[in-house]
Amino acid sequence: MELASESPVLWAFYVRIVVMNKLYQKTKAWVEKIYFNADHLIRTAYWIRELTPKPSEALLIAALTHDIERVFKEGRKPSVSKMRKWDDQKENQWHSERSAKFVKDFLKKENTKTDLIEEVLRLINHHEEGGWDEADLLRDADSLSFLEINVPFFISRIPKELSKKEVKEKFNYMFMRIGSKKAREIAKPFYKKAMFDLNKVEG
Ligand SMILES: [Fe+2]
Ligand SMILES: [Fe+2]
């Protein structure tokens with residue numbers, strides 16, 4: 001068997017894996033430190049790995065950070081508006097671009113290569129709607145992690161912040177936007193449980 005130290009190709013591959021993992025771990029530590037719902041982001045990265053065998057570094061970093069703007073309260077619009085529509089393109093674009101801005105600052109501080117930063121930001125900018133294979137994967141993994149992790153939080157916001165109808169629409173939106181058959185099959189039990197738990201709530 002060829003040792004990595006004897007083959008420049010294997011050595012380059014090994015170095016790339018180590019560097020990749022280092023940035024991933026640093027990003028994960030950053031997110032865990034600042035975001036109360038880091039679990040949702042970490043599970044999004046987990047579902048990316050379940051949905052595709054060899055995810056790119058950009059895709060994993062985007063999964064780990066795509067909602068990070070929620071941490072930074074200054075300049076945030078009211079998170080819930082009356083007549084809110086969950087698929088509102090303008091609202092989603094605002095949220096995505098704001099997350100991308102904070103992620104850009106973080107990655108620059110970590111001396112990340114420009115082309116990697118740009119790819120991460122492009123994915124974050126499209127994480128709600130997808131648009132090409134990798135962005136679709138991110139959207140689907142985000143939905144899976146949402147239905148797995150965020151359901152109790154959304155139900156807890158009834159009736160003060162959200163109506164039962166609005167939460168039901170959110171759960172439907174997150175499930176229905178899933179594009180891949182595999183992700184939809186995985187999501188089904190989470191979605192059923194979410195609806196079951198929601199139906200127990202008065203309102
Ligand atoms: Fe989001
Ligand atoms: Fe998300």
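**Figure 1. Helix H3 and the helices around it.** Helices H1 (8-34), H2, H4 (89-109), H5 (114-125) and H6 are among the elements that cover the buried residues of H3. Bear in mind, as you look through these views, that this is a predicted model. The buried residues of H3 are Ala58, Leu59, Leu60, Ile61, Ala62, Ala63, Leu64 and Thr65. Because eight of the nine residues of H3 (residues 57-65) are buried, this helix is largely enclosed by the rest of the structure.

**Figure 2. H1 alongside H3.** Here we stay with H3 and bring in one of its neighbours. The axes of H1 and H3 cross at roughly 5° and come within 10 Å, which means that H1 is roughly parallel to H3. From H1, the contact uses Met20, Leu23, Tyr24, Thr27, Lys28 and Val31, and from H3 it uses Glu57, Leu60, Ile61, Leu64 and Thr65. Sorted by class, this contact of H1 with H3 has seven nonpolar, two polar and two charged residues.

**Figure 3. Ala29, an exposed residue of H1.** Ala29 lies in helix H1. With 11 other C-beta atoms within 10 Å, Ala29 is exposed, because a residue with 12 or fewer falls in that class.

**Figure 4. H6 packed against H7.** Helix H6 (residues 133-156) and helix H7 (residues 164-176) pack with their axes 10 Å apart, at an angle of about 175°. That angle is over 145 degrees, so H6 is roughly antiparallel to H7. On the H6 side you will find Ser143, Phe146, Leu147, Phe154 and Ile155, which meet Val167, Lys170, Met174 and Phe175 in H7. The contact of H6 with H7 has seven nonpolar residues, together with one polar and one charged.

**Figure 5. The cis peptide bond at Pro159.** Between H6 and H7 there is a loop, and Pro159 lies in it. Ile158 and Pro159 are joined by a cis peptide bond, with omega about 5°.

**Figure 6. H7 packed against H8.** The axes of H7 and H8 are 11 Å apart, and the two helices pack at an angle of about 175°, so H7 is roughly antiparallel to H8. Lys164, Val167, Lys168, Phe171 and Phe175 of H7 make the contact with Ala187, Tyr191, Ala194, Met195 and Leu198 of H8. This contact of H7 with H8 has eight nonpolar and two charged residues, and no polar ones.

**Figure 7. The bend in H8 and its buried residues.** H8 bends by about 40° at Ala187, and the proline Pro189 follows within four residues. At 1.5 Å a residue, the 19 residues of H8 (residues 181-199) should span 27 Å, and the end C-alpha atoms are 26 Å apart, which agrees. Buried in H8 are Ala183, Ile186, Ala187, Phe190, Tyr191 and Ala194. The cover over these buried residues of H8 includes helix H2 (38-51), H6 and H7.

**Figure 8. Asn111 in the loop between H4 and H5.** To finish, here is a loop residue to look up: Asn111 lies between H4 and H5. Phi of Asn111 is near 55°, a positive value in a residue other than glycine. Asn111 counts as exposed, because it has 7 C-beta neighbours inside 10 Å.

Notes: Residues numbered from 1 in each chain as written. Chains lettered and ligands numbered in written order. Predicted model: local features only at pLDDT ≥ 70, side-chain atom pairs only at ≥ 80, totals over all residues. Axes fitted to C-alpha atoms, helices over the stretch in contact; angles between N-to-C directions. Parallel < 35°, antiparallel > 145°, perpendicular 65-115°, else oblique. Contact = placed C-beta atoms within 7 Å. Nonpolar A, V, L, I, M, F, W, Y, C, P; charged D, E, K, R; others polar. Expected span 1.5 Å × (residues − 1). Bend = angle between axes of the 7 residues up to and from the residue. Buried ≥ 20, exposed ≤ 12 C-beta atoms within 10 Å, placed from the backbone.
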